[in-house]
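Please keep the sequence and the model side by side while reading.

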Amino acid sequence: MDEKNVERRRLHNMKKYHHYSATINWTGNKGKGTPNYRDFERSHVITVKDKPEILGSSDPTFRGEKNKYNPEELLVASLASCHMLWYLHLCAISGVNVLEYSDNATGLMMVSKDGGGRFSKVELNPTVKVAEKSMENKAMELHKKANELCFIANSVNFKVVHNPKCIFRQPIR
């Protein structure tokens with residue numbers, strides 16, 4: 001059985017449901033709890049069993065700490081990461097040898113008058129370096145398929161835009 005059929009069979013046999021869990025512990029109590037909006041920190045720790053902790057806070061605009069991850073950044077990172085993982089998978093089974101991948105993803109969130117809000121768009125800007133010039137067109141095409149398969153992109157109610165670049169550079173000899 002060739003590699004593509006093995007991979008198709010593996011994907012077909014995957015369980016239908018996957019469960020995920022994370023624990024969030026608020027660490028921002030300054031000793032008084034939340035008596036008013038300004039008297040507590042937004043600091044928290046995100047833990048997942050057997051993985052390093054993530055130090056979180058709210059965006060500094062919302063009284064958070066700028067040196068900690070905020071939920072909005074993590075959402076943008078989740079979209080970019082999911083896209084990259086699907087993309088690399090598709091490249092591997094399609095004969096596209098990716099040597100480097102980076103993405104400077106951005107998100108736009110609009111805040112409503114009542115203080116709530118929502119994301120209106122996330123832009124993924126992946127730059128991919130491939131091993132051979134002949135792979136460039138296929139490498140570009142696979143971004144569309146990666147978006148169609150991305151679990152996170154399929155779960156959000158806003159537009160995920162892709163602005164990919166593909167480069168090939170002759171090795172220096």
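**Salt bridges, surface and core**

Lysine 68 and glutamate 65 are joined through their side chains by a salt bridge, with N to O at 3.4 Å. A salt bridge here is a side-chain nitrogen of Lys or Arg within 4 Å of a carboxyl oxygen of Asp or Glu. Lysine 68 counts as buried because its relative accessibility is 18%, while glutamate 65 is partly exposed at 24%. Buried means under 20% relative accessible area, exposed means over 50%, and partly exposed lies in between (1.4 Å probe, protein chains only).

The model is predicted: local features need pLDDT of at least 70, side-chain atom pairs count only at pLDDT 80 or more, and totals for chains, interfaces and linings use all residues. Residues are numbered from 1 along each chain as its sequence is written, and side-chain values use heavy atoms, with hydrogens and water left out.

The whole structure holds five salt bridges. Among them is the pair of lysine 121 and glutamate 123, whose closest N and O atoms are 3.0 Å apart. Lysine 121 is partly exposed at 29% relative accessibility, and glutamate 123 is partly exposed at 23%. Another links glutamate 148 to lysine 144, with the closest N and O atoms 2.7 Å apart. These two residues are four apart in helix α3, so about one helical turn separates glutamate 148 from lysine 144. Glutamate 148 is partly exposed at 38% relative accessibility, whereas lysine 144 is exposed at 59%. Side chains of opposite charge can pair when their charged atoms come close.

The chain has three helices and nine strands. Helices (H or I, at least four residues) and strands (E, at least two) are DSSP runs, numbered from the N terminus. Read from the N terminus, the order is α-β-β-β-α-β-β-β-β-α-β-β. Of the 173 residues in the chain, 27% are buried.

Which residues touch the most other members of the largest nonpolar core? They are Tyr87, Val96, Val98, Val122 and Val130, in a core of 25 residues. At least two core residues come from each of α2 (71-94), β4 (98-103), β6 (117-124), β7 (126-130) and α3 (136-149). Helix α2 gives the most, with eight residues. Such a core is a set of buried Ala, Val, Leu, Ile, Met, Phe, Trp, Tyr and Cys residues joined through side-chain atoms within 4.5 Å. In soluble globular proteins, nonpolar side chains tend to be buried together.

On the surface, Lys30, Lys32, Arg38 and Arg63 gather in a patch of positive charge. Patch members have over 30% relative accessible area and no salt bridge, and like charges are joined within 9 Å. Lysine 32 lies in the loop between β1 (23-26) and β2 (44-47) and is exposed at 66% relative accessibility. Arginine 63 is in the loop between β3 and α2 and is partly exposed at 35%.

Arginine 63 also has a positive phi of about 70°, although it is not a glycine. Most residues other than glycine have a negative phi. Aspartate 50, not a glycine either, has a positive phi of about 65°. Its place is in the loop between β2 and β3, and aspartate 50 is exposed at 72% relative accessibility. Lysine 49 is also in the loop between β2 and β3 (54-56), and is exposed at 72%. The C-alpha atoms of lysine 49 and threonine 23 are 8.7 Å apart, with the two residues 26 apart along the chain.

Technical notes:
Patch = residues over 30% accessible without salt bridge, like charges linked within 9 Å, V, L, I, M, F, W, Y side chains within 5 Å. Areas by Shrake-Rupley, 256 points an atom, 1.4 Å probe, with all protein chains shown as cover. Lys, Arg positive; Asp, Glu negative; His and termini not counted. Charge placed at Lys NZ, Arg CZ, Asp CG, Glu CD.
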